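Here is a short briefing to read alongside the model.

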Amino acid sequence: MVRKIIKIDEEKCNGCGACAAACHEGALEIVDGKAKLTREDYCDGLGDCLPNCPTGAITFEEREAAAYNAAAVTAATTSKTSRLSQWPCQIKLAPITAPYFNGKDLLAAADCTAFAYANIHHDFMENKVTLIGCPKLDAVDYSLKLTDILANNEIKSVTILRMEVPCCGGLEAAVKKALQNSQKNIPCQTVTISIHGEILQKQE
């Protein structure tokens, strides 16, 4: 369909990101240092981004474009709501027993995954108890605390979310050791995230 939609002059764009921050629908992203309209169907054509551009790189144009998808925008923006279900979330600070553990799935996530993977709340944290940590920085044996948590609570499953970097192997090893030491048959999977924020593999 032909409709009004924004147009970005990449030569004028300085990559400041003001437009992306002003776009409530999430239609804009900064890619390779320039603003890009990455989702035509998220652009409502109202131009909240225009007055926020300091270089005048954004204008309107009438052209063939995907129709505005209000339902998809609502779903996408709703996914930005925090899915953290409990506090504290640091492995070191978490209690050994707590009502929120029972009957729940556990996410054991490396600290860096929250910064590398943009949609961690919606894709991994939703409906899970989340525990985070970095064994390299904390210099502790997480397996001891995690063994107690797994042994003393009725946890349905465990997902290990780690980065592709070698130091994250410490978290994965600690969780797997805890699972073994708890003497419980709890399903477990490992998901590895690249340093560019992509899911590299899922391993049961």
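Predicted model: local features only at pLDDT ≥ 70, side-chain atom pairs only at ≥ 80, totals over all residues.

Residues are numbered from 1 along each chain as its sequence is written, and side-chain values use heavy atoms, with hydrogens and water left out.

**Aromatic pairs**

- Searching the whole structure turns up two aromatic pairs; rings of Phe, Tyr and Trp (its six-membered ring) pair if their centres lie within 6.5 Å, and planes under 30 degrees apart count as stacked, over 60 as edge-to-face and the rest as tilted.
- Y100 and F101 form a tilted pair, because their ring centres are 4.9 Å apart and their planes meet at 55°.
- Y100 is partly exposed at 25% relative accessibility, while F101 is buried at 1% (buried means under 20% relative accessible area, exposed over 50%, partly exposed in between, with a 1.4 Å probe and protein chains only).
- The rings of Y117 and F124 have centres 5.4 Å apart and planes at 70°, so this pair is edge-to-face.
- Both Y117 and F124 are buried.

**Charges over rings**

- K4 lies over the face of F60, 4.5 Å from the ring centre; the criterion is that NZ of Lys or CZ of Arg is within 6 Å of the ring centre and within 35 degrees of the ring normal.
- R39 places its charged end over the ring of Y42, at 4.1 Å from the centre.

**Cysteines**

- How many disulfides does a search of the whole structure find? The search finds zero, where a disulfide is a pair of cysteine sulfur atoms within 2.5 Å.
- For C16, the closest cysteine sulfur is that of C19, and at 6.3 Å it is too far for a bond.
- C112 is in no disulfide either, with the nearest cysteine sulfur, in C134, 6.2 Å away.
- C16 counts as partly exposed at 47% relative accessibility, and C112 is partly exposed with a relative accessible area of 47%.

**Helix α7**

- Helix α7 has 14 residues (169–182), and its end C-alpha atoms are 20 Å apart, in agreement with the 20 Å it should span at 1.5 Å a residue; the expected span is 1.5 Å times one less than the number of residues.
- Helices (H or I, at least four residues) and strands (E, at least two) are DSSP runs, numbered from the N terminus.
- The buried residues in α7 are L171, E172, A174, V175, A178, L179 and S182.
- Why do they lie on the same side of α7? They cover an arc of only 165° around the axis, an arc taken from the directions from the helix axis to the C-beta atoms.
- An α-helix has 3.6 residues a turn, so residues three or four places apart point the same way.
- The cover over the buried residues of α7 includes β5 (105–110), β6 (128–133), α6 (142–152) and β7 (157–163), where contact means heavy atoms within 4.5 Å.
- Q183 follows α7 and has a positive phi, near 60°.

**Two single residues**

- L137 is found in helix α5 and is exposed, with a relative accessible area of 70%.
- L137 and C167 are 30 residues apart in sequence and 9.7 Å apart in space, C-alpha to C-alpha.
- T113 belongs to helix α3 (residues 113–116) and is buried at 0% relative accessibility.
- Not counting residues up to four places away in sequence, T113 touches I120, L161, R162, M163 and I193.
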